[in-house]
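Here is a short briefing for a first look at a protein model. Please keep the sequence and the structure in view while reading.

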Amino acid sequence: MVKKFLNRLAFFKQNTLFDVLFYISFFASVAVGISSNKRDLIYVVPFVFISILLKYISFVKEKVNLFFVFSIFFGLISNVLSFYNFIDYYFWIVLATSVYLILFTLIIKSYLNKVNLKSIRSISVLLGIFIFSYTIFAVLELIFDFIPKNMLFITLLCVLCLIIYTLTFAMIYIKDKYNNAIILLTSGIFTFFQVCLSSINELFLYNKTFTVLIVICNVMSFYLFMVFISENKVTDNRIKYF
């Protein structure tokens, strides 16, 4: 059944040179994360982001969403600075992360349908909101004492951007108006855990295993997001406000 689902996606059928570049650079990044110093990721991770961008452009051709192009740029900045020195460049890392979360939200807000809002009151949705909210609160409580005092505002701004993005992709998934909404949900979950793990790993307790997981989550969040927006056209009755 999974194979049948994947076969429906034209995106996965169009294997190109950019796919090869993505696979090679992705596995190279994981290998470097496991066997080498974190700073060495600076030399391989950019190729992953470039391959994702090139794959996106080659697939959509003239219908390129500039918001996604800029989100790749800011995601790359956030990654490179994180690998180089998270503490010294904390402000710019958090700012870049906030920007690409805002851009992600602006891209997918067009996919919101009016009837999605009625589904927020369901028990499963409320439970999901509680779990995500509790996770964010727990992470903030864990790292709060390690956040530079003059960086609290930008940190809380990033948290707000993450919450808004999480609610947006969750509402799109709830109504399931799109064939592969699960891909957007998976991308969003990867984004959520990547941001949370990065904070814990860099500010509270560093672990190389976490670094590898962060790389995997971050790459997959961008790749799957790109797959979703490349494959889906916006349906009618979308929300005109947000």
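This is a predicted model: local features need pLDDT of at least 70, side-chain atom pairs count only at pLDDT 80 or more; totals for chains, interfaces and linings use all residues.

Residues are numbered from 1 along each chain as its sequence is written, and side-chain values use heavy atoms, with hydrogens and water left out.

**Overall fold**

- The chain has 10 helices and zero strands. Helices (H or I, at least four residues) and strands (E, at least two) are DSSP runs, numbered from the N terminus.
- Along the sequence, the pattern reads α-α-α-α-α-α-α-α-α-α.
- Of the 242 residues, 45% count as buried. Buried means under 20% relative accessible area, exposed over 50%, and partly exposed in between (1.4 Å probe, protein chains only).
- Take the contacts between residues at least 6 apart in sequence: 79% of them join residues at least 24 apart. A contact means heavy atoms within 4.5 Å.

**Helix α3**

- Helix α3 covers residues 17-35. The expected span is 1.5 Å times one less than the number of residues.
- Its buried residues are D19, F22, S25, F26, S29, V30, V32 and G33. They cover an arc of only 165 degrees around the axis, so they sit on the same side of α3. The arc is that of the directions from the helix axis to the C-beta atoms.
- An α-helix has 3.6 residues a turn, so residues three or four places apart point the same way.
- The buried residues of α3 pack against α4 (45-60) and α10.
- Exposed residues L17, I24, F27, I34 and S35 are on the face of α3 turned away from its buried side.

**Cavity**

- The structure holds one cavity of 30 Å³ or more. On a 1 Å grid over the protein atoms alone, a cavity is a set of points where a 1.4 Å probe fits but cannot get out; a pocket is an open set with protein on both sides within 12 Å along at least five of seven lines; lining residues have an atom within 4 Å of a point.
- The largest cavity holds about 430 Å³ of space. Of its 29 lining residues, F86, V195, C196, S198 and S199 are the closest to the centre.
- Helix α9 gives the most to this lining, with eight residues.
- The lining of the largest cavity divides into 17 nonpolar, 11 polar and one charged residue.

- The largest pocket has a volume of about 440 Å³. Of its 16 lining residues, V60, K63, I229, S230 and N232 are the closest to the centre.
- Helices α4 and α10 each supply at least two residues of the lining of the largest pocket.

**Two single residues**

- K38 lies in the loop between α3 and α4. K38 counts as buried because its relative accessibility is 16%. Leaving out residues up to four places away in sequence, K38 touches S82, F83, E202, Y206 and T211.
- T191 is in helix α9. T191 is buried, with a relative accessible area of 0%. Its C-alpha atom is separated by 6.5 Å from that of C217, 26 residues apart along the chain.
- Not counting residues up to four places away in sequence, T191 touches L101, F104, Y165 and S221.

Terms used. Grid points are joined across faces, edges and corners, and a volume is the space filled by probe spheres set on the points. Ala, Val, Leu, Ile, Met, Phe, Trp, Tyr, Cys and Pro count as nonpolar, Asp, Glu, Lys and Arg as charged, and the others, Gly among them, as polar.
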